[in-house]
Amino acid sequence: MFDWISQWGRSGLDAISVIGRSGIFLFRSLLGRPATGFFGLLIKQLYSVGVLSLLIIIVSGLFIGMVLGLQGYNILVDYGSEQAIGQMVALTLVRELGPVVTALLFAGRAGSALTAEIGLMKATEQLSSMEMIGVDPLRRVVAPRLVAGFISMPLLAMIFSVVGVWGGLLVGVDWLGVYDGSFWANMQQSVDFREDVLNGIIKSCVFGFVCTWIAVFQGYDSAPTSEGISIATTKTVVYSSLAVLGLDFILTAVMFGNL
Amino acid sequence: MLESSENYIQITGMTFARGDRLIFDNVTINIPKGKVTAIMGPSGTGKTTLLRLIGGQLKPDSGEILVAGQNIAKLSRQELFVARERMGMLFQSGALFSDLSVYENVAFPLRVHTSLPEDMIRDIVLMKLNAVGLRGARHLMPSELSGGMTRRVALARSIVLDPELMMYDEPFAGQDPIAMGMLVKLIRSLNTSLGITSVLVSHDVGESMSISDYVVLIADGRVIGQGTPKALLEQSSPLVTQFLNGLPDGPVPFHFPAEDLASDMLQGGTRV
């Protein structure tokens, strides 16, 4: 009984200490003078975190938009409102699916790669040798990856939504024969820039921040063994997914729940 | 920066533990300036840990470590990074940056700490690579190098800023006899021509004794002997003679602490 209680207590203390460490890690990485050649390092990371995630984002966005178009048409046609398909596809993507699905895909593609890369750099003493050369790995290795993640995620979410709307157009207008004038007109009338687009961008910024933070911290904090890196990579995907879904509910409640 | 003392590193009453395991117990070591000092001892006695303590990557539980007159454990994170610019460390694994070529690895410290023009960086990098015999391998990536070559590139990288203190962690492991002879010569000449203080961690009794001016023997969390190689060889301490002669029986245990073998074997069952 006491063992059980002390184990719970230890787990609680460990969790609090991880939260504290991750906070200090974030401040040390981002505050102060950036590393020499930061801009070049950032461009390199924007390529590997952002540009290399484009394919999975575009393909997923297209299919999700097409499915939304098909399902939406099947439901709306019963009420003779299939012209509203553009409005439905756009609002669903911009408000919810764009930021959320992009964040989940980002955690799986870029987040896991960031964790494994930093974890392996730690295991092979590359971070230690950087410290001994007098270079702070938090500024040199971690900071460019963090910033690249913050910048990439909102852009990827926007691309996802745009491609998704195109997918909905392909199915609704080109395949199922909805009049394209009403497809676009309904969308223009119902999608509000501040209410929908801006809130979607804010959501994706928050998700980008959280997913990248979790990914780089898990890599930096991983045990320097093959098993340690494997556990850290799994944690990145699981924690990021749960954080995104949980935060999505909170943000939606604040933005659209009239709280 | 240096005080009147002739010691570049002064470790006084230092204690360090990992969990429940005491690695150093009230250890006092002085490393003279401008000399080659070899730290020797059985595996698992914390020789690499000692280098990490000197480099400030680990903090002692008690006692102090003065490097060039600065208490390393008391420095702020930023001050520590500045202090490390005067140190070079050769890691056991080499620890080259896997995304940079051999040339870029050696040029890395110059690029981040100096604003030298590119042609001068090229000259310095090629000179350092030439010193370790790998000028021709400058276009290779670390994944294309053998273990011994990796450490030689890492050595070139660690001396590229001409540090005041060089720490070598097992520099001779995995080297062929030709490379070993060259490394011994290089470590010695760095010391004599540039006046670098060198700390060498090695198992290789013969090579270490031949190039070092001063030897510190560590076992069981304590310093079991220190002095010049000649003085150590003349010592009659059983601890020192056991290690220097590689004898399995003696006061330094070969086995990691465990219960008696007979009772362990007779326990039976599958419990590990």
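Modeller: Helices and strands here are DSSP runs numbered from the N terminus, a helix (H or I) having at least four residues and a strand (E) at least two. By that reading, Leu100(B) is found in the loop between strand E6 (87-90) and H3 of chain B.

Biologist: What should I know about the source of the model and its numbering?

Modeller: This is a predicted model, in which local features need pLDDT of at least 70 and side-chain atom pairs count only at pLDDT 80 or more, while totals for chains, interfaces and linings use all residues. Residues are numbered from 1 along each chain as its sequence is written, and chains are lettered from A and ligands numbered from 1 in the order in which they are written.

Biologist: In what order do the four strands of the open sheet lie?

Modeller: Two strands pair if DSSP finds at least two bridges between them. In chain B the order is E2-E1-E4-E5, with antiparallel pairing, and the edge strands, each pairing on one side only, are E2 (21-32) and E5. E1(B) and E2(B) pair over eight bridges, and Met14(B) has Val27(B) as its bridge partner in E2(B). Strand E1 (residues 7-18) and strand E4 (residues 62-67) of chain B pair over five bridges, with Leu66(B) as the partner of Gln10(B) in E4(B). Leu66(B) also has a bridge partner in E5(B), namely Asn71(B).

Biologist: How many residues lie between the strands in the hairpin of E4(B) and E5(B)?

Modeller: The hairpin has two residues between the strands, and Ala68(B) takes a positive phi near 50° there.

Biologist: Which residues of H4(B) are buried?

Modeller: A residue is buried if 20 or more other C-beta atoms lie within 10 Å of its own, exposed if 12 or fewer, and partly exposed in between, with C-beta atoms placed from the backbone. The buried residues of H4(B) are Val125(B), Lys128(B) and Leu129(B). They cover an arc of only 100° around the axis, taken from the directions from the helix axis to the C-beta atoms, which puts them on the same side of H4(B). As a general idea, an α-helix has 3.6 residues a turn, so residues three or four places apart point the same way. On the face turned away from the buried side of H4(B) are the exposed residues Asp119(B), Met120(B) and Asp123(B). After H4(B) comes Gly133(B), whose phi is positive, near 75°.

Biologist: What covers the buried residues of H4(B)?

Modeller: Two residues are in contact if their C-beta atoms, placed from the backbone, lie within 7 Å. The cover includes helix H3 (102-113) and helix H5 (147-158) of chain B.

Biologist: Why does Leu100(B) count as partly exposed?

Modeller: Leu100(B) is classed that way because it has 15 C-beta neighbours inside 10 Å. Leaving aside neighbours within four places in sequence, Leu100(B) is in contact with Asn105(B) and Phe108(B). Leu100(B) and Pro142(B) are 42 residues apart in sequence, yet 7.6 Å apart in space, C-alpha to C-alpha.
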